Amino acid sequence: MNFLYEKQTRRFYILLAVLCILQIFLLGVCGIVQTRSIRRVLVERELAAVSYLMEEGVPPSVAASAWNRTKVTEEGAKLLEKIGHTTHTQSYLLLLTEQTSLPLILWLLSEGILFAAILLGCVSLYLRRREKLYEKAEMVVTQYGDNQFDRHLPSGETGAVYQLFWRIEQLALSLQAKSQMEYKAKEFLKDMLSDISHQLKTPLAALYMYMEIMAEEADHEDTVKDFTRKSMGSLNRMGELIQSLLKIARLDTGNILFEKRQCFAAEMAAEAAADLMERAEREGKKILTEGDPGELVFCDFGWTKEAVGNLIKNALDHTKRGGTIRVSWNRSPMMVCLYVEDDGCGIAPEDIHHIFKRFYRSRRSGSRQGAGLGLPLAKSIVEDQGGNLSVESTLGEGAVFRMTFPCQK
């Protein structure tokens, strides 16, 4: 009886039960009325028969005894047969039947027709409502097939039909999520291709110009060496740009599975700084690391080292000769913090909320190298591991980037 859990079906069956009870009640009333009618007719027939017998001179005692007699005689049977009153006589020829049975038949027929009409009307109304429900469901499901999810199937009730609707809604949610993911993937691919083509225009144009100059100045060795060096710089810049874009794409699409483990913060900071130490010495800057050598960070060592390296590289880009970049770390009860601090030019208040956007470059950057991908990449690496990357800065006094990772329980 699980189908009775549905409200509309339950109401329909209750209505049928009420109609059946009403039908039984009406039949009972009909039986009582017909019994009274038969009794009245019989009494009238008895009165007419007694009156006739007494008019013919039959003694009252004999007339009264006739109604209490149960014995059937041959003479009496022959008399009734002679006047047409036998068990084989057609009912419509009997006056008693005409006065009692025919009204009962007509009344029952009328009551049956009325009951059938009400029942058919209720069934038609129920089926029409159910048809409207199915039509609405068909329309909504068709819209789901066209990736339109503004309307929803009826819900909030019990029953097999509404359970089916709920399952369809779950499937629709999956289709909607998949459709959104496909749309985002297409938009991401389009934006990525646009960003790559835009960012590669400048180094490619520079390379084309350098090649032309070297072809024209082939006899001047110093000129060729100078522009060869510049060409290598442009190629390196293109390589770094493409690698950064590919890493960001992998992070955005969730194709990277971080292998998190307990790592020494000192080792990670030292390796990140070592990759940039040569550049720092060439530019007359210092990179220092300080903190508890036994401090552990629960993270992916390789990716987190790259994030720290990007922050150091950003600090070198914005620090003048003689400046210092300091990498440090400490632990609080809930998290481990890594800091990359510099004493460079700092970040303007109007820029500090935008520096983690891709390809964003402040107007104060001037001729500094960089495509604006290092900080966004670092933020994605940290946050995809459950950490957080933030910055504090005072213009003209430097900046402090703060990475936090939850402590491993």
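The model is predicted, so to speak of local features requires pLDDT of at least 70, side-chain atom pairs count only at pLDDT 80 or more, and totals for chains, interfaces and linings use all residues. Residues are numbered from 1 along each chain as its sequence is written, and side-chain values use heavy atoms, with hydrogens and water left out.

**Stop 1**

Select Leu22, Phe25, Val29 and Val33, which make a nonpolar surface patch of about 360 Å². Patch members have over 30% relative accessible area and no salt bridge; like charges are joined within 9 Å, and nonpolar side chains (Val, Leu, Ile, Met, Phe, Trp, Tyr) within 5 Å. A salt bridge is a side-chain nitrogen of Lys or Arg within 4 Å of a carboxyl oxygen of Asp or Glu. Areas are from the Shrake-Rupley method with a 1.4 Å probe, and for residues only the protein chains shown count as cover.

Val29 is in helix H1, residues 7-55. Helices (H or I, at least four residues) and strands (E, at least two) are DSSP runs, numbered from the N terminus. Val29 counts as partly exposed because its relative accessibility is 32%; the classes are buried under 20%, exposed over 50%, and partly exposed in between (1.4 Å probe, protein chains only). An α-helix has 3.6 residues a turn, so residues three or four places apart point the same way.

**Stop 2: helix H9**

Move to residues 374-384, helix H9, where eight of the 11 residues are buried. Among them are Leu375, Lys379 and Ile381. The buried residues of H9 pack against helices H6 (221-252) and H8 (301-317) and strands S6 (388-394) and S7 (398-406); contact means heavy atoms within 4.5 Å. Just past H9, Gly386 has a positive phi of about 90°.

Now pick Asn314 in helix H8. Asn314 is buried, at 15% relative accessible area. Leaving out residues up to four places away in sequence, Asn314 touches Leu375 and Phe401.

**Stop 3: strand S5 and its partners**

Select 335-342, strand S5, which is mostly covered, with six of its eight residues buried. Strand S4 (residues 324-331) runs antiparallel to S5 and is joined to it by seven bridges; strands pair if DSSP finds at least two bridges between them. A hairpin of three residues connects S4 to S5, and Arg326 stands opposite Glu341 in S5.

S5 also pairs with S7, antiparallel, over eight bridges. To find this pairing, select Met335 and its bridge partner in S7, Pro406.
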